[in-house]
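Open the model in your viewer and keep the selection tool at hand. The stops below say what to select next and what is there.

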Amino acid sequence: MKHLREFLKPPFFEDEQKNHQAYLLNIITLGLLVIPIPYLTYALVASPETASRALIQAGIGEAINIFLFILLRRGYVRAGSILQVGTFWVFFTVSAVTGIGVQGESYLLGYPLVIVITGILLGNRAAITVTVLSITAGLFMVVAQNNGMLNMDVMRPPFLTWVLSLAIFPMGAVLQYLSSRTVNRALKRARENEEKYKLISRVSSDYAFESKLNANDEGETIWLAGALEKMTGYTSEEYMKAGGWYAHIHPDDLHKDAADMQKLLNNQDVIGSEIRTFAKNGEIRWERVFAHPIWDEEENRLVGIIGAVQDITEQKEAEKKFEDTLLQQKAILNNIPDMAWLKDLDSRYIAINDQFLQISGLQREDVIGKTDFNIWELGFAELYRKDDIEVMNSGLRKTVEEIQKDNNGREYWVETTKTPIRNERGEVIGTTGIAREITQRKKTEQSEQIRREMLEKVVKLGKQVAEVSDLKTTLERIWYGVHNDLDFDRLGIFLYNADRNSMDSALGTDSQGKIQDTHDQWFSLEESEGFSLLLKQSDGLYFTHNYTAENKIPFGHEMYGVKDYAAVAVWGGNRLVAAISVDQLHSQRNISPEQLEALRLFAGYAGLAIENARLHDALQKELQNRQGFIDELGAKNAELERFTYTVSHDLKSPLVTITGFLGYLDQDARAGKFDSFSKDINRIHQAVDKMQTLLNDLLELSRIGRIVNDPVEISYGALVRDALSLLDGAIKASHVSIEFVDEGHTVFGDRVRLLEVLQNLIDNAIKFMKSQPTPQVRIGSIKNSENEPVFFVQDNGIGIDPQYKDRIFGLFNKLDANTTGTGIGLTLVKRIIEVHGGSIWIESEAGKGTTFYFTIPHPAKNQK
């Protein structure tokens, strides 16, 4: 049975095309060997009369097929193919001629079969040739039958059968052409791929193989390609003759190969098995094997192996040298107090020291052979791998400062130095690294950086608070500087009051963290433990991390919940000026040492700024007072000048009149003109009365500010009603309408003088009504911005031109010379109002009336 199987198996040739043609010819010949058997059986059983003819045909056919097998195994593939096609065509031609011609099976079925076989074995041109030849032979058969040359007893005309062949035979040829073309294209692609594979094999450092296994699992290599000769020193033929793979395995690795074979027998792949082999020159080579089983599903066994072999001798030698180097370096690594390690090209750890294990909290077997991605968090691992690649690509040492995390989750700073590891040829084969903890140094650097930034802020804030001069703005800038720039949640600024030995609150912080005026609060130094404790500190700073507990602050107190709290004394030279307290209640952040240092330094700037602002405010007040004295003196001098002018002019005028009329009186007396004498006496009396009135007014003006009645609290409504009662005659005579609403205000002062104010203002309003048809005077009050009453007397008279507003309160100034009086009334009003600490002003427009506004401050209310 085995020999029969070997006989029937197609031969193998190196030429792929020849090998394929031999395979096809072998299959076709096997088919032709089987075809005559049912034909002969049919003839013998069903048609004995044709048995002799069928026997001859079968015998000739089988002889030809056996002869073809012999030619095929001797390598005459194309000759065998031509012989196969030729004899087959002749066989069917003879069968047709000796049978029923074109109407028989030999012509209708045999010729198409020959055409297809021709195309498969010899190609398209041969198939076309056989097709034309077959049709031509059929035509001759038709002609011969029609001419009686062939005596065939058939019912249908032979020409019709031949015509049908014109459609069948070419169609078979076309189908054969299409199948042949498809096969040829596939073969062409296969050849191209084979050429590419051969080219890759020549430049590759690996070789590929294929083996077959018999039923006893005995293997035989049937194909080798690639860098076999480069790797082993053998050609394919030499390698096979020398015993192949099994004859070259190192004895110590036979068990490995046996284990690999067992995997293949279990239908499993062998991936990366490393085995030592002997080369032709006797050298030991390390080879990495990849093998894939070819499994026969029907027989359920391994029938072949395909695979590849890779030479890794250089890599193994490098690893051996590297391991030797590691053994030398491990002792060094373990004596390094810092983390130290060695990594290969893939960043796998190949050596670590004890400090590395202690910090990472891992065992050595958990690290060796692993990468950073197996040990550290993803973010750290990606960063470490990036640095490794950079060092290996550049071949240069790199030092970085980076974050690490120990086995307790503590993050800390390390200074890592990574250096490339090179082999004897200078090639980079890995990296080594040393990591030294520098957390304290980084904290110091960060602290110094924060400290520098804070000091820069303090200097900037110092300049800002020094730029202003008034105390209010200075305190506001100090508050914003401490709150915004030094970054404290809440703060309070307290000014030292030496008169009562207290700390007076100036500015604080509300619940929203905004600035708040707190001038209504003060704390005695004798009773306040907090300020007393502060002033006892030699460095002028009180600081605590638990203010609420230490000071037993009750729940609900504004200081309840405060942990970090600091207070600093503010000095101006040797004098205590103020205190600044801060806390972090809202954010619950810690107050850093840098913040405390900045606060103490800024307190020095603040103390000088507060002192300067106080001195500036005092100086400004002094200057204002002095300017007020100067202005008052100027006004007095101007008034004195006017007084002098009045005395020299207004008093002189009546005297001149009296002197003149005394002369007339003398003349009239001597002349006996008593009528004129009586008129002269009357003129002299008028001049004397005018001078008396003027002297009385001047005397009254001089008394204001010197002789004052005792001040009392008076109902403003009562004063208005008394003034209206005194002016009742003038009011009725002028038909003036008076409007007054008593709002219940009270004033404090000299009742007589204040009555004079209202009387003068109302009388003045009545005088300047002129021809107003509906004269009206309104008396009342409004509220100013400080919610204090402002009194007014308003008329709808002739009004005052804006250019005369500054003159109406001047001494003896009369805008209308025809009116009665000396022009001293409004001067008296202004003097009385100012003596009572108030002020007076007017609003008027010519033709639209005048309004006099005046204030009378209440001392008791102002003190409150």
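Axes here are lines fitted to C-alpha atoms, for helices over the stretch in contact, and the angles between N-to-C directions run from 0 to 180 degrees. The model on screen is a predicted one.

**Two helix pairs**

Now clear the selection and pick residues 77-98, helix H5, together with residues 124-146, helix H7. Here the axes lie 11 Å apart and the angle is about 15°. The cut-off for roughly parallel is an angle under 35 degrees, so H5 and H7 are roughly parallel to each other. The crossing of H5 and H7 is right-handed.

Is Ser-447 buried or exposed, or something in between? Its relative accessibility is 24%, so Ser-447 counts as partly exposed.

**A nonpolar patch**

Next, show the surface and select Val-459, Leu-601 and Tyr-605. These residues form a nonpolar patch on the surface, and together they have about 220 Å² of accessible area. Tyr-605 belongs to helix H20, residues 593-650. With a relative accessibility of 33%, Tyr-605 counts as partly exposed.

Most residues other than glycine have a negative phi. The next two stops have positive values.

Select Gln-588, in the loop between strand E17 (575-583) and H20. Its phi is near 60°, a positive value in a residue other than glycine. Gln-588 counts as partly exposed, at 40% relative accessibility.

Then move to Asn-501, in the loop between strand E11 (490-497) and strand E12 (502-509). What is the phi of Asn-501 near? It is near 50°, again a positive value in a residue other than glycine. Asn-501 has a relative accessible area of 24% and is partly exposed.

**Salt bridges**

Side chains of opposite charge can pair when their charged atoms come close. The cut-off used is a side-chain nitrogen of Lys or Arg within 4 Å of a carboxyl oxygen of Asp or Glu. By this rule the count comes to 36 salt bridges. Turn on the side chains and visit some of them.

Select Glu-283 and Arg-285, which form a salt bridge whose closest N and O atoms are 3.6 Å apart. Glu-283 is partly exposed, with a relative accessible area of 40%, while Arg-285 is buried, at 19%.

Go on to Lys-398 and Asp-387, whose side chains meet in a salt bridge with an N to O distance of 2.9 Å. This pair links distant parts of the chain, eleven residues apart: Lys-398 is in strand E8 (residues 398-405) and Asp-387 is in helix H15 (residues 378-394). Both Lys-398 and Asp-387 are buried.

Now select helix H25, residues 751-767, and find Arg-753 and Glu-756 in it. Arg-753 forms a salt bridge with Glu-756, and the closest N and O atoms are 3.1 Å apart. Arg-753 counts as buried at 11% relative accessibility, and Glu-756 is buried with a relative accessible area of 18%.

For the last stop, select Lys-343, Asp-372, Asp-388 and Lys-418 together. Salt bridges that share partners join these residues into one network.

Key
Residues are numbered from 1 along each chain as its sequence is written. This is a predicted model: local features need pLDDT of at least 70, side-chain atom pairs count only at pLDDT 80 or more; totals for chains, interfaces and linings use all residues. Side-chain values use heavy atoms; hydrogens and water are left out. Patches are made of residues with over 30% relative accessible area and no salt bridge: like charges are joined within 9 Å, nonpolar side chains (Val, Leu, Ile, Met, Phe, Trp, Tyr) within 5 Å. Accessible areas come from the Shrake-Rupley method with a 1.4 Å probe; for residues, only the protein chains shown count as cover. Helices (H or I, at least four residues) and strands (E, at least two) are DSSP runs, numbered from the N terminus. Buried means under 20% relative accessible area, exposed over 50%, partly exposed in between (1.4 Å probe, protein chains only). Angles under 35 degrees count as roughly parallel, over 145 as roughly antiparallel, 65 to 115 as roughly perpendicular and the rest as oblique. A crossing is left-handed if the near helix is turned anticlockwise from the far one by less than a right angle, and right-handed if clockwise.
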